[in-house]
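The stops below are meant to be selected one after another.

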Amino acid sequence: RTIRILGKCNDLTTAKSLCRLSWQPENGKLLAVPVKYEIHLYSRLDWKFSFALKNQDADCALDDEAKTISATTWSPSGTLIAGATAAGLIFIWNISDQSRVKTIESEASTITTVSWHQSRNELIFAMMNGKVGQYVLENSSGNEQDDAQAVDLSGVFDDDYD
């Protein structure tokens, strides 16, 4: 099956989104697709649109890069979902009430991928500047804004192909 939800692009460098999709864990009931300032959720059974998780800051002073979600990941329980942007922001939503519960700020670098630890309330993400970041969620119920820690790994694999 296919669904048309993204603009056509033949060059990754000009793409508006990296479009890192993710299935809801356990039963794979929902597919999360980053679409501009939202994460669209589709039913696995019939591929019909279920609902959208909206970036409440979509109308604020942030530029398009900061607002555009490119990558998604689910918490192991499937109750939370994270969306990452090219400006180094990660937004976390609660699926049950569709509310955004946390905003995480990393360095101002494109986040290319984000992943939730399988057994801990912890996110890891990679950035185009060669750094890998980690964020441990202490409490995901409050609407807080926090900073993430990043480690520079840009030189780790440089000598592999000499």
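The tour begins with the whole chain, then turns to a sheet, its charged pairs and a loop.

This is a predicted model, in which local features need pLDDT of at least 70 and side-chain atom pairs count only at pLDDT 80 or more, while totals for chains, interfaces and linings use all residues. Residues are numbered from 1 along each chain as its sequence is written, and side-chain values use heavy atoms, with hydrogens and water left out.

Along the sequence the order is β-β-β-β-α-β-β-β-β-β-β-β-β-β. Of the 162 residues in the chain, 42% are buried, where buried means under 20% relative accessible area, exposed over 50%, and partly exposed in between (1.4 Å probe, protein chains only).

Next, select β1 to β4, which form an open sheet in the order β1-β2-β3-β4 with antiparallel pairing. Because β1 (22–23) and β4 stand at the edges with a single partner strand each, one side of each is left without a neighbour in the sheet. Two strands pair if DSSP finds at least two bridges between them. Strand β2 (residues 30–35) is joined to β3 by six bridges, and V35 has E38 in β3 as its bridge partner. Strand β3 (residues 38–43) in turn pairs with β4 (residues 49–54) over five bridges, again antiparallel, and there H40 is partnered by A52. In the hairpin of these two strands, with five residues between them, look for W47, which takes a positive phi near 60 degrees.

Now show the side chains of K54 and E38, which form a salt bridge with their closest N and O atoms 3.5 Å apart; the term requires a side-chain nitrogen of Lys or Arg within 4 Å of a carboxyl oxygen of Asp or Glu. This pair links K54 in strand β4 to E38 in strand β3, 16 residues apart, and E38 is partly exposed at 21% relative accessibility. By this rule the count is two salt bridges, and R120 and E122 also meet in one, at 3.4 Å from N to O. Here R120 is partly exposed at 47%, whereas E122 is buried at 14%.

Finally, select S106, in the loop between β8 (99–105) and β9 (111–116). Is S106 buried or exposed? S106 is buried, with a relative accessible area of 16%, and its side chain reaches the backbone oxygen of G88 at 2.7 Å.

Note on methods
Helix = DSSP H or I, 4+ residues; strand = E, 2+ residues; numbered from the N terminus. Polar contact = N/O pair within 3.5 Å; in protein donor to acceptor, adjacent residues only side chain to side chain.
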